[in-house]
Amino acid sequence: MRTATITRQTAETSISVTLDLDGTGAYDNQTGVGFFDHMLDQLSRHSLIDMTIRAEGDLHIDDHHTVEDTGIAIGQALVQALGNKTGIRRYGACLLPMDDALVRAALDLSARPFLIWNVDLPSPKIGTFDTELVREFFQALSTHGGITLHIDALHGLNSHHITEAAFKSVARALREAVELDPRKADAIPSTKGAL
Ligand SMILES: [Mn+2]
């Protein structure tokens, strides 16, 4: 079973994340940050990774710790659920349009965290959500998930559309990367023999 549960507790946040890599995209995500829940739902729905997330953070300060720490916990859960990565495709990429927005994500489940973030979000807020937190989320996901993650926005006018396209493109790329490759189901996809 490629599943994992991570619980993570600090003075700032209390988070639990349960993932099933071989799911159907079923989700139940409650972080107290409405727009972020909407994005996490996209991440699950389009990766087909079942996702149950509960986060209680210091939202009286702002959304920063909650968003970042949820990214950390999802990354840790991915690492745990992937195990030694036998049989996975490892790489994934997706060019995803959403109205005015066109976002490209390319990723490698390499255990080498690296984020390229070439995304300009024109407005500082989406509702009450600080758009600068979108990069913080993907930075945490990359670092703690051991993901080489490139995200480039090729076009976009509306920050909600650009952000949503980013989450959806990463989700589609992740779906591909975590999938088992039936042509090489018994091997770790690296000439090093380990990932
Ligand atoms: Mn939306």
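**Note on the predicted model**

1. G83 sits in the loop that connects α2 to β5, and in this model, which is a predicted one, G83 counts as partly exposed at 45% relative accessibility. Although G83 and L195 are separated by 112 residues in sequence, their C-alpha atoms are 9.8 Å apart in space.

2. Turning to the overall architecture, the chain contains 4 helices and 10 strands, and read from the N terminus the order of these elements is β-β-β-α-β-α-β-β-β-β-β-α-β-α. The radius of gyration is 16 Å, close to the 16 Å that the globule rule gives for 195 residues, so the chain is as compact as a globular protein of that length. The C-alpha trace spans about 45 × 40 × 25 Å along its principal axes.

3. When contacts between residues at least 6 apart in sequence are considered, 76% of them join residues at least 24 apart.

4. With regard to charge, the chain carries 17 positive and 26 negative side chains, and the centres of these two sets lie 11 Å apart.

5. Which residues coordinate the manganese ion? The donors are H38 through NE2, H160 through NE2 and E164 through OE, at 2.0 to 2.3 Å, and their spacing in sequence can be written H-x121-H-x3-E. Since water is not among the atoms, the site may look incomplete, and the list of donors should be read with that in mind.

6. H160 is partly exposed, with a relative accessible area of 27%, whereas E164 counts as buried at 5% relative accessibility; the cut-off for buried is under 20%, and the accessible area is computed with protein chains only.

7. T66 is placed in helix α2, which covers residues 64-82, and T66 is buried, with a relative accessible area of 0%. Which residues surround T66, once its neighbours within four places in sequence are left aside? The contacts of T66 are with T13, I15, T31, V33, F36, A55, G57, D58 and L59.

8. W117 belongs to strand β7, residues 114-118, and W117 is also classed as buried, its relative accessible area being 18%, a value to be read against the cut-off of under 20%. Apart from neighbours within four places in sequence, W117 is in contact with V134, R135, F138 and I151. The C-alpha atoms of W117 and G92, which are 25 residues apart along the chain, are separated by 17 Å.

9. Two residues call for a check of their backbone geometry. Most residues other than glycine have a negative phi. L48, however, is not a glycine and has a positive phi of about 65°; L48 is found in the loop between α1 (34-47) and β4 (50-57), where L48 is partly exposed, with a relative accessible area of 24%. D99, likewise a residue other than glycine, has a positive phi near 50°; D99 is located in the loop between β5 (91-98) and β6 (101-108), and at 64% relative accessibility D99 counts as exposed.

10. Is P182 buried or exposed? P182, which has its place in the segment after α4, is exposed, with a relative accessible area of 69%. P182 and G87 are 95 residues apart in sequence, and the distance between them in space, C-alpha to C-alpha, is 7.5 Å.

How values were computed:
Residues numbered from 1 in each chain as written. Predicted model: local features only at pLDDT ≥ 70, side-chain atom pairs only at ≥ 80, totals over all residues. Heavy atoms only, no water. Helix = DSSP H or I, 4+ residues; strand = E, 2+ residues; numbered from the N terminus. Rg over C-alpha atoms; globule rule 2.2 N^0.38 Å. Contact = heavy atoms within 4.5 Å. Lys, Arg positive; Asp, Glu negative; His and termini not counted. Charge placed at Lys NZ, Arg CZ, Asp CG, Glu CD. Donors = N, O, S within 2.8 Å, 3.2 Å for Na, K, Ca; no water. Buried < 20%, exposed > 50% of the residue type's maximum accessible area, 1.4 Å probe, protein only.
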